[in-house]
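Welcome! Please take a moment to look over the sequence and the 3D structure below, and then let us walk through them together.

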Amino acid sequence: MNKEKVLALADMIESSRKRLEMEGFLNTCGTAACIAGFAFVAERGQSWRKSAAEYWSDWGGGISIPEIAQEYLELTEAQADELFYVWKGPPLDAITREQAVETLRYLAQTGKVNWKRAAKLFPAESAAAAG
């Protein structure tokens, strides 16, 4: 795992005006993405719109956002699977920006993905109320 890239990704997600939506990798207009989608944009080093256009123009043709994100962040397969697909944690559509950022920072510190910890620290109800 590349600690510096994981922390930079946490900062990117925290400060971005783009929506975090864990149910899809990167939407067609580049206005929302999951953690893997944010990493894909960072890896490409280009605008959100260009990254989305590249992905969707080649959709089904070989671009795998999770694989590119895993390689970019230098994650193990197990780390990537848990980070991108959330097998042990809140439902994908309930994950907040705060939970994602906390999960990434904890990963950088410990090498472990722990969505349940982030959900306890940042319950979705209080995040929505703070809004």
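Let us begin with Leu7, whose place is in helix 1; helices here (H or I, at least four residues) are DSSP runs, numbered from the N terminus. Please keep in mind that this is a predicted model, where local features need pLDDT of at least 70, side-chain atom pairs count only at pLDDT 80 or more, and totals for chains, interfaces and linings use all residues. Residues are numbered from 1 along each chain as its sequence is written, and side-chain values use heavy atoms, with hydrogens and water left out.

- Not counting residues up to four places away in sequence, Leu7 touches Arg105 and Ala108, where contact means heavy atoms within 4.5 Å.
- Leu7 and Pro123 are 116 residues apart in sequence, and from C-alpha to C-alpha they are 22 Å apart in space.
- Glu77 lies in helix 5, and with a relative accessible area of 57% Glu77 is exposed.
- The C-alpha atoms of Glu77 and Lys3 are separated by 16 Å, while along the chain these two are 74 residues apart.

**Salt bridges**

- How many salt bridges does the rule give? The count comes to six, a salt bridge being a side-chain nitrogen of Lys or Arg within 4 Å of a carboxyl oxygen of Asp or Glu.
- One of them joins Glu14 and Arg105, with the closest N and O atoms 2.9 Å apart. Glu14 lies in helix 1 (residues 3-15) and Arg105 in helix 6 (residues 97-110), so this pair ties together parts that are 91 residues apart in sequence.
- Glu14 counts as partly exposed at 45% relative accessibility, and Arg105 is partly exposed with a relative accessible area of 28%.
- Asp11, Glu14 and Arg105 are linked in a network of salt bridges.
- Another salt bridge brings together the side chains of Glu54 and Arg44 (3.1 Å, N to O). Since Glu54 is in helix 3 (residues 48-57) and Arg44 in helix 2 (residues 35-44), the pair ties together parts that are 10 residues apart in sequence.
- Glu54 is partly exposed at 26% relative accessibility, and Arg44 is partly exposed at 27%.
- Arg117 and Glu102 form a salt bridge too, their closest N and O atoms being 2.4 Å apart. This pair links distant parts of the chain, with Arg117 in helix 7 (residues 115-121) and Glu102 in helix 6, 15 residues apart.

**How helix 2 meets helix 4**

- Helix 2 and helix 4 (residues 65-73) pack at an angle of about 65 degrees, and their axes are 8 Å apart. Axes are lines fitted to C-alpha atoms, for helices over the stretch in contact, and angles run from 0 to 180 degrees between N-to-C directions.
- The crossing of helix 2 and helix 4 is left-handed, meaning that the near helix is turned anticlockwise from the far one by less than a right angle.
- On the helix 2 side, the residues that meet helix 4 include Ala36, Gly37 and Phe40; on the helix 4 side, they include Ile65, Pro66 and Tyr72.

**The nonpolar core**

- The largest nonpolar core has 37 residues, and those with the most contacts inside it are Leu26, Ile35, Leu83 and Trp115. Such a core is a set of buried Ala, Val, Leu, Ile, Met, Phe, Trp, Tyr and Cys residues joined through side-chain atoms within 4.5 Å.
- Helix 2 gives the most to this core, with six residues.
- Leaving aside neighbours within four places in sequence, the contacts of Ile35 include Leu9, Leu83, Leu104 and Trp115.

**Around helix 5**

- Which residues of helix 5 are buried? They are Gln79, Ala80, Glu82, Leu83 and Phe84.
- The cover over these buried residues includes helix 2, helix 4, helix 6 and helix 7.
- Just after helix 5, Val86 takes a positive phi of about 50 degrees.

Technical notes:
Helix = DSSP H or I, 4+ residues; strand = E, 2+ residues; numbered from the N terminus. Buried < 20%, exposed > 50% of the residue type's maximum accessible area, 1.4 Å probe, protein only.
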